[in-house]
Amino acid sequence: QVQIAESGGGLVQTGGSLRLSCTATTLSFKIATVTWYRQAPGKQRDLVAQINSGGDSYYSDSVKGRFTISRDNAKNTVFLQMNSLKPDDTAMYYCHIESPLHLPYWGQGTQVTVSS
């Protein structure tokens, strides 16, 4: 089975930065699409950023220009660089991996809290 490890969450002040990491044990990581979602209390789970096997990326309007998603296939890792953080960014951030070779997998999440 696939194991996913998320890290990099924490508590920062408005305007600060965090870098989230998502590392997976699947051998098919190179051809996987990786998506970061987030969910705040009482809110739905929303897509934040996505990167496919070709390196094409997508961002939600709320984070565009502030967040950058990237991948290092040699390390089986996707990063989410989050700059200019706002209190509205406070949420649990989840990594989601989709591969043609196995079922989709969710990470357990890493908490991001932005204080005002």
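Modeller: Happy to, and let's begin with the cysteines. This is a predicted model, and in it C22 and C95 form a disulfide, with their sulfur atoms 1.9 Å apart.

Colleague: How many disulfides does a search of the whole structure find?

Modeller: The search finds 1 disulfide.

Colleague: Where do C22 and C95 sit in the chain?

Modeller: C22 is in strand β3 and C95 is in strand β9, so the pair links distant parts of the chain, 73 residues apart.

Colleague: Are C22 and C95 buried or exposed?

Modeller: Both C22 and C95 are buried.

Colleague: And why is the disulfide of C22 and C95 called left-handed?

Modeller: Because the torsion about the S-S bond is about -80 degrees.

Colleague: Nice. On to the sheets, then: which strands make up the open sheet, and in what order?

Modeller: The open sheet has 4 strands in the order β1-β3-β8-β7, with antiparallel pairing. β1 and β7 are the edge strands, each pairing on one side only. From one strand to the next, the twist averages 15 degrees.

Colleague: Let's stay with β1. Which way do the side chains point along that strand?

Modeller: They alternate along residues 4-7.

Colleague: Which residues are the bridge partners of R38?

Modeller: In β9, R38 has Y93 as its bridge partner. In β5, the partner of R38 is D46.

Colleague: What about the turn in the β4 and β5 hairpin?

Modeller: The hairpin has 6 residues between its two strands, and G42 in the turn has a positive phi of about 75 degrees.

Colleague: Which residues other than glycine have a positive phi?

Modeller: Among them are N76, with phi near 50 degrees, and S84, also with phi near 50 degrees. N76 lies in the loop between β7 and β8, whereas S84 lies in the loop between β8 and β9.

Colleague: And why does S84 count as partly exposed?

Modeller: Because its relative accessibility is 42%, and that class covers values between 20% and 50%.

Colleague: Which residues is L80 in contact with?

Modeller: Leaving aside neighbours within four places in sequence, the contacts of L80 include L18, L20, W36, V48, F67, I69 and Y93.

Colleague: V48 turns up there, so let's follow that one. Is V48 buried or exposed?

Modeller: V48 is buried, at a relative accessible area of 1%. V48 is in strand β5, and beyond four places in sequence, V48 is in contact with residues including W36, Y37, R38, Y58, V63, F67, L80 and Y93. The C-alpha atoms of V48 and S62 are separated by 8.1 Å, with the two residues 14 apart along the chain.

Colleague: Last one: what does the side chain of S99 make a polar contact with?

Modeller: S99 makes that contact with the side chain of S28, at 2.8 Å. S99 lies in strand β9 and counts as buried, at 12% relative accessibility. Not counting residues up to four places away in sequence, S99 touches S28, I31 and A32.

Colleague: Great, thanks for the tour!

Methods: Residues numbered from 1 in each chain as written. Predicted model: local features only at pLDDT ≥ 70, side-chain atom pairs only at ≥ 80, totals over all residues. Heavy atoms only, no water. Buried < 20%, exposed > 50% of the residue type's maximum accessible area, 1.4 Å probe, protein only. Contact = heavy atoms within 4.5 Å. Polar contact = N/O pair within 3.5 Å; in protein donor to acceptor, adjacent residues only side chain to side chain. Disulfide = S-S within 2.5 Å. Pairing = 2+ DSSP bridges. Axes fitted to C-alpha atoms, helices over the stretch in contact; angles between N-to-C directions.
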